[in-house]
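Today I'm going through helix packing and pockets. My notes follow the model.

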Amino acid sequence: MRFQLVIFIFLILRITAFAQERTVQNLNAGWLYFENNTASVQAVSLASPGTAIDLPHTWNQWDATDLAPGYRRDASWYVKKLDLKIDPAKRYVLYFEGANITTEVYVNRQLAGRHVGGYVGFEMELTDFLKTGGENEIAVRVDNGYNPDVIPSQKADFFIYGGITRDVWLKILPKEFIQNVHVKTKNVSREQADTELEVELNSITFSELQVEAEVYSPAGERVLRSKTVDCNSGKVAVQLPALSGPMLWSTRSPHLYEVKVFLKKNGKTVDVLSEKFGYRWFDFEPHGAFFLNGEKLKLRGTHRHEEHAGYGAAMPNELHRQDLEMIKEMGANFIRLAHYPQDPEVYRACDELGLIVWDELPWCRGGMGGDVWQANTERLLEEQIRQNFNHPSICFWSLGNEIYWLPDFPGGDDREQMNTFLRKLNKKAHELDPGRMTAIRKYYDGSDLVDVFSPSIWSGWYAGVYKNYGPTLEENRKKYPRFLHMEYGGSSHAGRHTEQPIDDLNGLDDSNWAEVANQSQIESIANSGDWSENYVVDLFDWYLHVTENTDWFAGNAQWAFKDFGTPLRPENALPYMNQKGLTDRNGKPKDAYYVFKSYWSEEPVVYIESHSWTERSGAPGEVKMVDVYSNCETVELFQNGRSLGEKKRNPQEFPACGLRWQVPFAEGENQLRAVGKPAAGKVVSDSLTITYHTEPFGKPSEITLHTEPLPNGHLLVVATMRDSNGRRVLDYEKRVYFDHNGAGKLMENYGTPTGSSVVEFANGRAAIEFVPGEGGAVIEARNQDFKGTYLRIEN
């Protein structure tokens with residue numbers, strides 16, 4: 001009986017001790033969406049009954065990548081009923097991870113607050129507007145309409161998706177609570193590290209409050225404990241004891257510690273807030289390499305836009321995580337978040353996976369505006385830094401990209417005024433966070449105003465040829481003490497291949513490497529090339545060949561990891577898609593992904609170029625080159641079971657580090673198998689079947705249609721351009737237009753090679769995914785030259 005009484009008393013004490021602690025509830029489910037731009041909250045539900053949706057959500061999910069010019073830039077409303085028991089001893093705060101661009105929050109039809117800026121989180125306190133009995137209504141008006149006073153510029157090369165594009169949370173907090181905790185790691189070495197906390201409190205009075213803190217190791221053991229600190233104001237500094245032998249955060253071993261901060265009132269805990277952080281330090285050699293924790297580290301990176309096929313910017317956390325895991329699997333250790341702060345899940349993933357982050361203020365193009373623009377921009381930088389302060393993955397605060405291009409205001413590209421404002425931003429960033437470096441890309445007049453600079457080098461795409469990349473790096477090394485190269489690459493249309501990739505053009509200036517705003521005025525491979533996967537593979541292979549053999553080079557980031565939507569490219573092979581991705585917009589790898597993996601990954605890999613090039617042609621007895629991308633010590637290639645020889649990988653050779661074979665293709669099917677043998681570890685292999693034709697194809701004669709079953713139960717409708725003898729016309733590249741009548745639907749407006757009703761042929765082939773319905777359907781494929789081919793699909 002005594003034992004039961006002790007347990008009962010303990011439970012009462014425990015419940016009492018934690019009665020005041022915070023709870024956080026996800027509010028993504030059960031909203032009503034009203035596509036109604038009224039400014040009156042009273043009129044929201046009058047126009048329509050609303051559409052039931054869950055968050056995250058964007059109204060530009062489909063219209064951004066449909067075939068009509070433009071996309072909806074306007075306001076909409078989101079409404080949700082909150083059925084919860086209101087505790088007068090609590091405070092209620094709504095936390096938005098992001099809503100684009102201008103947000104007004106109403107509680108029971110009263111304005112609770114407003115936020116301007118689409119790529120950072122914000123909070124709205126609801127407490128004073130809530131009713132203690134019955135339901136409470138939350139109404140949120142979000143507006144992504146044209147507003148030149150808010151960055152990014154409307155001329156940026158990406159969509160500005162409207163909506164509540166990230167998660168929403170309800171925080172139920174005690175009367176006095178911890179608003180924020182910034183973890184400052186100082187004097188970090190392998191021997192020890194200092195830890196200082198800046199704790200922000202939300203309370204009316206502070207005299208009865210105290211703060212304590214504990215730090216836990218990556219294994220969950222308590223390693224530090226602070227003294228109790230009395231609070232005299234809303235900001236409290238907490239100094240923890242020195243930590244001996246810290247486990248350092250690195251790209252190979254991303255060790256994360258946890259700090260727990262306890263807010264006490266007269267000795268009783270009323271709130272607890274936890275934050276993850278890491279110990280590391282970094283620097284550059286002058287005009288040279290990057291160092292992390294005292295060790296040279298070449299930054300091997302890529303870029304990421306926050307969007308995905310079928311979702312736009314309203315991506316669930318699983319897809320954010322999938323992107324970052326694929327980037328890490330490729331062997332990257334660095335990512336530039338383009339061109340704006342991204343979802344909190346992205347930073348968590350980078351912390352946990354070991355990816356160094358270049359986090360960018362969305363000052364992208366448009367020049368500089370007036371007082372309102374400047375106030376918004378400075379505030380958004382402060383919000384970005386304050387929100388992301390504790391992430392050890394972030395090493396660079398970028399203050400913008402191409403900021404002088406295409407000014408939105410008269411005189412907005414005035415260099416003197418821009419430099420004055422850039423100095424102000426740079427000072428603000430260092431005041432808020434002295435432990436990180438500032439950066440900027442492609443603003444040469446301000447290259448010396450920040451810590452790290454990236455010029456615009458597009459050798460082999462927007463200017464010059466890719467083989468001038470090495471001399472270009474040497475040229476820029478001399479100019480910039482801390483030099484990183486952001487953005488390189490080229491567009492590729494998935495499945496498009498050629499026996500002879502272009503590597504030069506008449507009229508190209510081989511020494512030129514800089515991108516200009518108006519591409520119509522120059523000769524470039526971007527304008528006149530074939531957009532084949534082969535060319536981009538060769539370009540990336542050369543860049544990697546250069547950088548991996550250049551010891552002093554700090555690093556770079558390829559543009560971009562995935563294809564992404566843009567309003568500025570309606571005439572691309574996939575309309576409204578920037579096709580420079582290593583994967584398509586759905587995350588399906590192109591050939592180039594495996595090129596990077598062969599250079600960067602530590603896991604054995606072997607890949608025959610190319611799995612989307614399975615039909616080739618040539619003369620009888622003609623040999624064709626086959627490249628294999630691998631990081632194995634040796635690779636052996638087999639054709640129809642016969643060895644064509646084993647080769648040793650040589651990083652000094654180009655292309656494919658010497659892993660290439662002259663293959664005597666025979667008429668019909670040819671089975672290729674590459675076997676990679678690493679110095680240690682398991683043998684890996686890759687197989688590919690190539691159909692070879694010795695009879696040349698003729699001129700285009702007709703489009704044929706057929707279907708192929710897909711694992712998800714859908715059908716892939718395949719259009720093939722054929723000559724008069726039925727041979728596939730492998731060099732046909734014009735557009736095809738798919739249409740459908742009857743049951744089912746085409747998977748259009750996804751912006752992928754099989755998810756667009758308008759797409760260019762790739763080697764005489766194009767396709768679109770079809771979802772069968774209850775009944776028959778007719779699919780049509782046509783273009784300017786071929787007036788229509790029809791395929792009947794029966795249920």
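I started with helix H6 (residues 469-479), where Tyr469, Gly470 and Leu473 meet Trp542, Tyr543, Val546 and Thr547 in H8. Contact here means heavy atoms within 4.5 Å. I counted the classes in the contact of H6 with H8: five nonpolar, two polar and no charged residues. For the classes, Ala, Val, Leu, Ile, Met, Phe, Trp, Tyr, Cys and Pro are nonpolar, Asp, Glu, Lys and Arg are charged, and the others, Gly among them, are polar.

A note on the source: this is a predicted model, where local features need pLDDT of at least 70 and side-chain atom pairs count only at pLDDT 80 or more, while totals for chains, interfaces and linings use all residues. Residues are numbered from 1 along each chain as its sequence is written, and side-chain values use heavy atoms, with hydrogens and water left out.

I then looked up the geometry: H6 and H8 have their axes 9 Å apart and pack at about 45°. H6 is therefore oblique to H8. My cut-offs are under 35 degrees for roughly parallel, over 145 for roughly antiparallel, 65 to 115 for roughly perpendicular, and oblique for the rest. Axes are lines fitted to C-alpha atoms, for helices over the stretch in contact, and angles run from 0 to 180 degrees between N-to-C directions. Helices (H or I, at least four residues) and strands (E, at least two) are DSSP runs numbered from the N terminus.

H8 (residues 533-548) also packs with H9 (residues 591-600), at about 20° and with axes 9 Å apart. So I wrote these two down as roughly parallel. On the H8 side I found Val536, Phe540 and Leu544 among the residues in contact, and on the H9 side Val595 and Trp600 among them. Nine nonpolar, one polar and four charged residues make up this contact of H8 with H9.

Next pair: H4 and helix H5 (residues 415-432) cross at roughly 25°, and their axes come within 10 Å. That makes H4 roughly parallel to H5. This crossing is right-handed. Trp373 and Leu381 of H4 are among the residues in contact, as are Phe421 and Leu432 of H5.

Then the pockets. I used a 1 Å grid over the protein atoms alone: a pocket is an open set of points with protein on both sides within 12 Å along at least five of seven lines, and lining residues have an atom within 4 Å of a point. Its volume is the space filled by probe spheres set on the points, which are joined across faces, edges and corners. Of the 43 residues lining the largest pocket, Tyr95, Lys171, Asn180, Glu275 and Gln387 lie nearest its centre. H4 (371-388) is one of the elements that supply at least two residues of this lining. By class the lining has 16 nonpolar, eleven polar and 16 charged residues.

The second largest pocket holds about 900 Å³. Ala494, Asp584, Lys588, Pro753 and Thr754 are the closest to its centre of its 36 lining residues. Which elements give two or more residues to this lining? They are H9, strand E45 (758-760) and strand E46 (765-771). E46 gives the most, with four residues.

Note on methods
1 Å grid on protein atoms, 1.4 Å probe; cavity = no way out; pocket = protein on both sides within 12 Å on 5 of 7 lines; lining within 4 Å. Left-handed = near helix turned anticlockwise from the far one by under 90°.
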